[in-house]
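Q: I would like to go through this model with you. Please put the sequence and structure up first.

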Amino acid sequence: MRQLRAFGLFAYDFVIGDDWRVAVGVAAGLVGTYLLAHDAGVAAWWLVPALLVTLLPVSLWRAVRRH
Amino acid sequence: MGAGALFIAVFLACAVEAVEATTIVLAAGTARDWRSATTGLIAALAALAIITAVLGPAVTAIPLQALRLFVGALLLIFGLQWLRKAILRASGHKALHDEQKIYRTQLTLASAEPVHRRAGLVPDAYGFTLAFKGVLLEGLEVVFIALTFGGNAHEVPLAALAAVCAVLVVAVAGLALRAPLARVPENTMKFAVGVMLTSFGTFWGAEGAGARWPGSDAALLVLVPAIALFAIALVGLLRRTPAPAATADPVAEGS
């Protein structure tokens, strides 16, 4: 059980890293892209880059403020 | 994506990880015992080979659209982590990755542990474990990057070749010098890798979710420099924010 927990923590740190909000934002952006492309049938390529230019500065700002 | 771009991206990413693994193996060998450190290195490489052999065919068996969505999401999250740390380092808000300092710290820690020598391939369990863990953990990132890039571009053999070349070049240099590869511009390389991972993650993730990029693959020619410029602009902005003395523990520093 302890090893499973250790592996879970390692996997979390490996993939998600220091800021889980970035991972949540990326997931939300991809879901939004899917909905725009499939349900609304509009060009959706811009959504992930737009999210990126929002997520990265916010995450950096939080990191700088924490110090 | 051009084969050259794939090769460069995987080579750079893997070289950075290999430099970090080399520092740990050198510290384990110097402070503890070379035979144990070498056995740990070989055992970790064998474990990585098994992981690659299992995951490689599994990755290539996933339908391309699903692979691009899944891998694009992972690469984007992973790439943003790299880029975030690289921007914080470049702007003075995080300690720069310093192989000499990491090496000295590892040497001190490894030398402080009591030695219980045994006969056989692993005379010193601590040296073995230190080298094994270091190579396995850094190597997992190499495997992840090579498989995701290679799988998405249908160029797994080329990605694997780039990874092997990077590891060999760094390992030979490390063995020849018997010292940490401090002259490698690691922080700059990490910045470049962060830009590449984020760009390809953005491209593949959006494409996997159903978006069609203007210009198809040529969109990457805009995406990569645009993200690089955006990251450089963020470094410039953060440099204007007063930075505290960087106190991060260099040993605990990841990518």
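A: Helices here are DSSP runs of H or I with at least four residues, strands are runs of E with at least two, and both are numbered from the N terminus. The model is predicted, so local features need pLDDT of at least 70 and side-chain atom pairs pLDDT 80 or more, while totals for chains, interfaces and linings use all residues. Residues are numbered from 1 along each chain as its sequence is written, with chains lettered from A and ligands numbered from 1 in the order in which they are written.

Q: How many helices and strands does chain B have, then?
A: Chain B has eight helices and zero strands. Along the sequence its pattern reads α-α-α-α-α-α-α-α.

Q: What box do its C-alpha atoms fill?
A: Taken along the principal axes, the C-alpha atoms of chain B fill a box of roughly 65 × 50 × 25 Å.

Q: And what share of chain B is buried?
A: Of the 255 residues in chain B, 47% are buried, that is, they have 20 or more other C-beta atoms within 10 Å of their own (12 or fewer: exposed).

Q: How far apart in sequence are the residues that contacts in chain B join?
A: Among contacts in chain B between residues at least 6 apart in sequence, 86% join residues at least 24 apart. A contact requires C-beta atoms, placed from the backbone, within 7 Å.

Q: How does H3(A) pack against H3 of chain B?
A: H3(A) and helix H3 (residues 64-90) of chain B pack at an angle of about 50°, with axes 10 Å apart. Angles run from 0 to 180 degrees between N-to-C directions.

Q: Which residues make that contact?
A: From H3(A) come Leu55(A), Leu56(A), Ser59(A), Leu60(A) and Ala63(A), and from H3(B) come Leu80(B), Leu83(B), Arg84(B), Ile87(B) and Leu88(B). By class, the contact of H3(A) with H3(B) has eight nonpolar residues, one polar and one charged.

Q: What about H3(A) and H7(B)?
A: H3(A) and helix H7 (residues 186-208) of chain B pack at about 140°, and their axes are 9 Å apart. Val48(A), Pro49(A) and Leu52(A) in H3(A) meet Thr202(B), Gly205(B) and Ala206(B) in H7(B). This contact of H3(A) with H7(B) has four nonpolar, two polar and no charged residues.

Q: Is Ser216(B) buried or exposed?
A: Ser216(B) counts as exposed, because it has 9 C-beta neighbours inside 10 Å.

Q: And Ala44(B), buried or exposed?
A: Ala44(B) is buried, with 23 other C-beta atoms within 10 Å. Ala44(B) belongs to helix H2 (residues 34-61) of chain B.

Q: Which residues is Ala44(B) in contact with?
A: Neighbours within four places in sequence aside, Ala44(B) is in contact with Phe132(B), Val135(B), Leu136(B) and Gly139(B).

Q: How far is Ala44(B) from His93(B)?
A: Ala44(B) and His93(B) lie 49 residues apart in sequence and 34 Å apart in space, C-alpha to C-alpha.

Key. Contact = placed C-beta atoms within 7 Å. Nonpolar A, V, L, I, M, F, W, Y, C, P; charged D, E, K, R; others polar.
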